[in-house]
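Subject: Structure for your review

Dear colleague,

Please find the structure below for your review.

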Amino acid sequence: MRPILSPALMIAGSLMASSALAEGKPELIVYAPDYFASEWGPGPQIEKGFEGRCGCDLQFRTGDLLTRLRLEGDTTPADVVIGLTTDQTAAARATGLLADHGKDLSTLTLPIAWTDPVFVPFNWGEAAFIYDKNRLATPPASFAAFLTAPDDLKIVIQDPRSSPSGLALLLWVKAVYGDTSGDAWRALKPKVLTVTPGWSEAYGLFTSGEADMVLSYITSPAYHIIAEHDLTKAALIFPEGHYFTAELVAKTGTTDQPALADAFLDYVLSDDFQGMIATANWSYPARMTEGGLPPEFAALARPEKTLFLTETEAEMIRGPVIDEWLSIMSE
Amino acid sequence: MARGAFEIVPRWPGALALGLVMALVLGAFGAVIARAGALSGITTADWAAARFTVMQAGLSALLSAGLAVPVARALARRHFPGRHLVIVALGAPFILPVIVAVMGLLAIFGRAGWLNAGLALLGLPKVSLYGLDGILLAHVFLNLPFAVRLLLNGWASVPSERFRLAAALDFGPRDVWRHIERPMLRAVLPGVTLAIFLVCLTSFTVILVMGGGPRATTLELAIYQAFRLEFDLGHAAALASLQMALSLAAAGLSLAVARPAAFGAGLGRIADRWDRTSRSLQIFDATLLAATGLFIATPMLAVLASGLPWITDLPRSVWMAAGRTVIIAMAAALIAVSLAVATGFLITSLSTRAARLTDAAVMLAMTASPLVVGTGLFLILRTFTDPIALALPVVVLVNAVMAMPFCLRVLLPGLAVLRADYDRLSASLGVTGAHWARRVALPRLRRPLAFAGGLAAALSAGDLGVVALFADPGHATLPMQVYVLAGAYRTDQAAGAAILLVLIAFGLFRLFDRLGDRDADL
């Protein structure tokens, strides 16, 4: 159900809305993160690709999608939400607003088994520490070696309270070190130069030379190699394994365009969509297609092990690991 | 300052403006609380965050305002080539997008910055500024120049006749301090300190990045966490209310300390100063100004150097966003100044106690968490319409309301003097209405009006506060583009776009400021 418009607002709204409305095409409203709809994100290609096959008008609504969904409840105008992260699944599921996707996910090429009935992953990568080969000649070869490295090796990480990658690091440390995660953090702490609210501030501190390493994704070097022809950035690959993250798409149960929403999920799994993920999102496509990865991307180092906690496990330990991290980092 | 029979300016526009500001802020809070059902309790960790918040904001404000006094005094009593340029440049740090300012500071004081490079050359150990030191350094960098500008306004509000009289009485610098400058500061400084305290109270990115870790957790971060991570609206609203209560307490303290100065009316001539001849005083002022200049200028230059080369490389969409940002900023500035002028006239017509209460109420807008206000407005608007269709008007209005208390801070000293000195005269001569505005008010308020307008425009150009829920992908603003570019690995283009944002903010600030330049005795 959409809120009813007053006549004046309707006039104002129709002046602002795109011409597609006037043509009477059905609208598919897709909630997405901020980065999506800019020309540097995958949004414009997705819009063009899907509108080419659906005869509809795809409208992105960007911003803080989970918060918006929670505020709107069952009056949300969203038909599809794209760009939720793996750490948000429990909260998003709990809204009760999302419907089962009903898709066959056996063709996915993730390093972990994915059988979720609601969320369809469309890209993935693992958390990793990125360094600059020119500034760090002999990088630590394992997580254990990193913990015992000299403390003047400085890293910038993100705050788990405001950033998905920041939280992924906490879960990563927990998955590797279990009950001794506290000791691991005590060893890590002197190497943490600072903690930023989001990924972009941290990455900026790294590229500007302020820090030797940054917490990012295993696929980050691909951007520098392909877009900047810069071969100096690389991910540290740890034999202990790397923590899995993915971005997800789901349709709402309240949608007034169920057929279109369903068609959109098919589109997400199509070769067209999956083939552009590598360079539009700088991450791995959820379903590897023929030639879906540029050669430089395919040549990136891969870890032997991918770690991932189930939603229930992750939710159970999230509070305690954040508390543990806060108390150790504040000591 | 109670007024009786003569009422040069009616009170109702002020009451209306005040009503609008209060309705917006309290309405948004109300909507969030109503949605949450109830406020939830403040935890031990929240109190720790509150203590840290107040401590860092208090220290930042005292340091910034305290250091601003000698700097402003030196600027007020010296004339030198380039002085005007210095005063203009003082406006810049305050309006920098925070992450840009932080990057600039790190280029100088950071681990790989010039300072440490210099120390290394001398064989000295590196200094690390992450922690409370870093937070204070960044806050002083951002706010000291702003404080100097506000204090200069205070110096400029002293009629030049007082300095003539001081010269005739053979006052030395110490006498000028005791009889002119100290009473003036007593009137102006508490408000300036308060404004900086409130800015630092809601500081977010500086605290996290420069604070070095979660030891530096503020209320604003706790609000963010309650919202984004826990989606506990009741907790978020409770924290935001605590933040406002702290602000009100600070406002009360500052207003209780302030005493209005009574210099009497002047003829509005340009002040000349006869009390600045001593050689040692000259050297002191020169050293102070040079050190401050260096501290402010080097990070700015570092930022410019890293971003300027990329400006020509920016895509069309960034320029479109820049155009939109200029429009938003101009509209917000116009509304903010109008609200501030109306409220200012109301405040100067009230009894001291009522004036202080009103002044404090306006401060609410300054410290209302943008996250809570944005969410509240979103909840209210969506009962009528699609909030995204109103994204730009909402951003303009919220920016205007958030900038309005700053404008009021700038305008109040001049307004108070204007009314105290000219209301009776104007009334007895029958000068009212438009004639009064043009002949009496405008010439005396031009400078603070222009400064307030420029400040509001610059602040509105940089604001990203409410767009989390009101982002319109088809109508992105420049701060949003900077954020998105930085999030898409395009650090260089982000730096270029950030410099464009700085240039716009500064250009708008200059544009307004020039309007006030006609009597140049700043």
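**Domains and contacts**

In chain B, the domain assignment (bounds come from an automatic or database assignment) gives domain 1 (10-39 + 314-522) and domain 2 (50-303). The model is a predicted one, in which local features need pLDDT of at least 70, side-chain atom pairs count only at pLDDT 80 or more, and totals for chains, interfaces and linings use all residues. Residues are numbered from 1 along each chain as its sequence is written, with chains lettered from A and ligands numbered from 1 in the order in which they are written.

The C-alpha centres of domain 1 and domain 2 of chain B are 21 Å apart. Contact (C-beta atoms, placed from the backbone, within 7 Å) involves 50 residues of domain 1 of chain B and 46 residues of domain 2 of chain B. On the domain 1 side of chain B, 33 of these residues are nonpolar (Ala, Val, Leu, Ile, Met, Phe, Trp, Tyr, Cys and Pro), 6 polar (the others, Gly among them) and 11 charged (Asp, Glu, Lys and Arg).

Chain A is assigned domain 1 (14-123 + 246-298) and domain 2 (126-244 + 301-329). Their C-alpha centres are separated by 27 Å, and the contact takes 14 residues from domain 1 of chain A and 16 residues from domain 2 of chain A.

Between the chains, 48 residues of chain A and 49 residues of chain B take part in the contact.

With kind regards

Conventions
Two residues are in contact if their C-beta atoms, placed from the backbone, lie within 7 Å.
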